[in-house]
Amino acid sequence: MSNLPVETTLAWLADYAKVVTDNSAMLTDLDRQIGDADHGSNMTRGMSAVAALDPQSFADTGALLKKAGMTLVSTVGGASGPLYGTLFLRLGAFLGPDKELSVQNLAQAFKADLDGIMTRGKAEPGDKTMVDALAPAVEALQTDAEAGRTLQEALDHAAQAAAQGRDATVGMIARRGRASYLGERSKGHQDPGATSLALFIESAARCLPVQV
């Protein structure tokens, strides 16, 4: 097992940027139903800026991820900028130069993400937010770390769990963010933040195991 190289990390972020761009209209449409109708465009703008970062400018993956977080904070509007910024900043702190790319370390990194996003967004599982996709992904990684699963198995499991969490938001009533203003009318709509988060975990499952 080795550390996560800067080039591999940027390839992952570029993959996610492409996925976000490809799904921009869908994310915006979901946000139009219960939010500000800008999640797709905001995330596309932010992740395009992240994907354009020069890997040679960073000594290690931790530095790259921290810069990605700050880039998202400065380029993504609304609540998504600070929340995704927190996600990348926490990843950078836990996937620095002294960390192996292992299931256990990824589980710890994404758990730190979850804690940070829940604190910043004041959201809990069941509030119909990105937490509802991230929390089951973290649980899957923690379970597979204890079971000794491979990185590919664990990330595939996490992606499936995130997708199930995303789908579960359809039946929830929003309790945080702009969608909460709709009350009962928010039920029946898939949360855009949970959707973009599930795409993020799917991207990790595609890109990170190639390093092993």
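**Exercise 1.** Determine how helix α4 and helix α5 are oriented to each other in this predicted model, and which residues make the contact.

*Solution.* Step 1: α4 (residues 61–75) packs against α5 at an angle of about 170 degrees, and the two axes lie 7 Å apart. Step 2: an angle over 145 degrees counts as roughly antiparallel, so α4 is roughly antiparallel to α5. Step 3: on the α4 side, the contact is made by G62, L65, K66, A68, G69, M70, L72 and V73. The α5 side contributes G81, P82, Y84, G85, F88, L89, L91, G92 and A93. Step 4: by class, the residues of this contact comprise 11 nonpolar, five polar and one charged.

**Exercise 2.** Describe the packing of α8 with α9: the angle, the handedness of the crossing and the classes of the residues in contact.

*Solution.* Step 1: the axes of α8 (residues 151–168) and α9 are 8 Å apart, at an angle of about 165 degrees. Step 2: α8 and α9 are therefore roughly antiparallel to each other. Step 3: the crossing in which α8 passes α9 is left-handed. Step 4: Q152, L155, D156, A158, A159, A162, A163 and R166 of α8 meet A194, T195, A198, I201, E202, A204 and A205 of α9. Step 5: this contact of α8 with α9 holds 10 nonpolar, two polar and three charged residues.

**Exercise 3.** Carry out the analysis for α1 and α3.

*Solution.* Step 1: the axes of α1 (residues 6–22) and α3 (residues 39–51) come within 9 Å and cross at roughly 155 degrees. Step 2: that angle makes α1 roughly antiparallel to α3. Step 3: α1 passes α3 in a left-handed crossing. Step 4: from α1, the residues L10, L13, A14, Y16, A17, V20 and T21 meet G40, M43, T44, M47, S48, V50 and A51 of α3. Step 5: the classes in the contact of α1 with α3 are 10 nonpolar, four polar and no charged residues.

**Exercise 4.** Which helices supply at least two residues each to the lining of the largest pocket, and which gives the most?

*Solution.* Step 1: the largest pocket has a volume of about 580 Å³. Step 2: its lining consists of 29 residues, among which A79, S80, L83, G177 and R178 lie nearest the centre. Step 3: α2 (24–34), α3, α5 (80–94), α6 (103–121) and α9 (192–207) each supply at least two lining residues. Step 4: α5 gives the most, with four residues. Step 5: by class, the lining has 11 nonpolar, 10 polar and eight charged residues.

Definitions and conventions. Residues are numbered from 1 along each chain as its sequence is written. This is a predicted model: local features need pLDDT of at least 70, side-chain atom pairs count only at pLDDT 80 or more; totals for chains, interfaces and linings use all residues. Side-chain values use heavy atoms; hydrogens and water are left out. Axes are lines fitted to C-alpha atoms, for helices over the stretch in contact, and angles run from 0 to 180 degrees between N-to-C directions. Angles under 35 degrees count as roughly parallel, over 145 as roughly antiparallel, 65 to 115 as roughly perpendicular and the rest as oblique. A crossing is left-handed if the near helix is turned anticlockwise from the far one by less than a right angle, and right-handed if clockwise. Contact means heavy atoms within 4.5 Å. Ala, Val, Leu, Ile, Met, Phe, Trp, Tyr, Cys and Pro count as nonpolar, Asp, Glu, Lys and Arg as charged, and the others, Gly among them, as polar. On a 1 Å grid over the protein atoms alone, a cavity is a set of points where a 1.4 Å probe fits but cannot get out, and a pocket is an open set with protein on both sides within 12 Å along at least five of seven lines; lining residues have an atom within 4 Å of a point. Grid points are joined across faces, edges and corners, and a volume is the space filled by probe spheres set on the points.
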